[in-house]
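Please open the model in your viewer and keep a selection panel at hand.

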Amino acid sequence: MNARASLHERLDRWQADVTSICGRFDTGVADAERFHGAIAARRLDALDIADIELGWARVMKRRPQLTDAQHDCYFLIQQIEGEAAMAQEGSEAHLLPNDCTIIDSRRASEFRYGSSMRQRSVHMPHALVRELTGLPELACGRRIDGSRGLGALFSATLSQFSAMGDTLSADERRVGLESLFHLLTRLLADGGGGSLAGVNPP
């Protein structure tokens with residue numbers, strides 16, 4: 001009974017925090033004893049950056065939950081430690097450290113975490129993405145390989161921008177943000193079909 005109550009407390013706390021920061025998702029527990037989850041967010045100009053620790057869980061967004069306009073954005077997910085499977089509308093990205101993927105908050109999705117891992121989630125408003133990339137929409141649920149080529153440069157730039165953003169002036173942050181989106185545009189300019197090094201198609 002105590003173990004079950006402990007699980008309920010951990011799950012309720014995680015569910016409340018992830019709903020507040022990312023919008024409405026459902027969480028399923030793969031292992032009651034080993035499940036753990038924590039998420040904390042910070043604001044960097046137009047972006048919210050969430051640091052996530054999660055293990056032994058499955059996180060899902062279903063059709064009835066897609067009306068959450070408060071969190072209308074793309075999630076740029078960067079794997080920090082461990083592994084994760086991020087799926088959206090028929091595409092699935094198996095992420096290793098330094099890999100990235102993009103998830104659209106307006107669409108159904110499912111994330112699986114078989115063991116403990118850490119991720120960074122950068123919440124990019126749709127209007128800002130259109131402004132800085134010139135693309136009508138981004139390819140989602142596809143792995144950006146952070147181990148080589150332009151994908152590695154993008155992942156390193158994202159890490160540096162996330163770490164240094166608070167120490168930069170407003171003008172410097174704007175330059176950093178534009179550089180980050182320029183790399184993203186180069187990676188996904190062909191719709192994420194994989195013609196550029198570092199992007200794996202579904």
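Begin by selecting the aromatic side chains: a search of the whole structure finds two aromatic pairs, where rings of Phe, Tyr and Trp (its six-membered ring) pair if their centres lie within 6.5 Å, and planes under 30 degrees apart count as stacked, over 60 as edge-to-face and the rest as tilted. This is a predicted model, in which local features need pLDDT of at least 70 and side-chain atom pairs count only at pLDDT 80 or more, whereas totals for chains, interfaces and linings use all residues. Residues are numbered from 1 along each chain as its sequence is written, and side-chain values use heavy atoms, with hydrogens and water left out.

Select Phe25 and Phe75, a tilted pair with 6.3 Å from centre to centre and 50 degrees between the planes. Phe25 lies in the loop between H1 and strand E1 (26-29) and Phe75 in strand E5, so the pair ties together parts that are 50 residues apart in sequence; helices (H or I, at least four residues) and strands (E, at least two) are DSSP runs, numbered from the N terminus. Phe25 is buried, at a relative accessible area of 5%, and Phe75 is buried at 4%, where buried means under 20% relative accessible area, exposed over 50% and partly exposed in between (1.4 Å probe, protein chains only).

Phe111 belongs to strand E9, 86 residues from Phe25. Together, Phe25, Phe75 and Phe111 form one aromatic cluster.

Which residues lie nearest the centre of the largest cavity? Select Val18, Cys22, Ile52, Phe111 and Tyr113, which hold that place among 15 lining residues. A cavity is a set of points on a 1 Å grid over the protein atoms alone where a 1.4 Å probe fits but cannot get out, and lining residues have an atom within 4 Å of a point. H1 gives the most to this lining, with three residues.

Terms used:
On a 1 Å grid over the protein atoms alone, a cavity is a set of points where a 1.4 Å probe fits but cannot get out, and a pocket is an open set with protein on both sides within 12 Å along at least five of seven lines; lining residues have an atom within 4 Å of a point.
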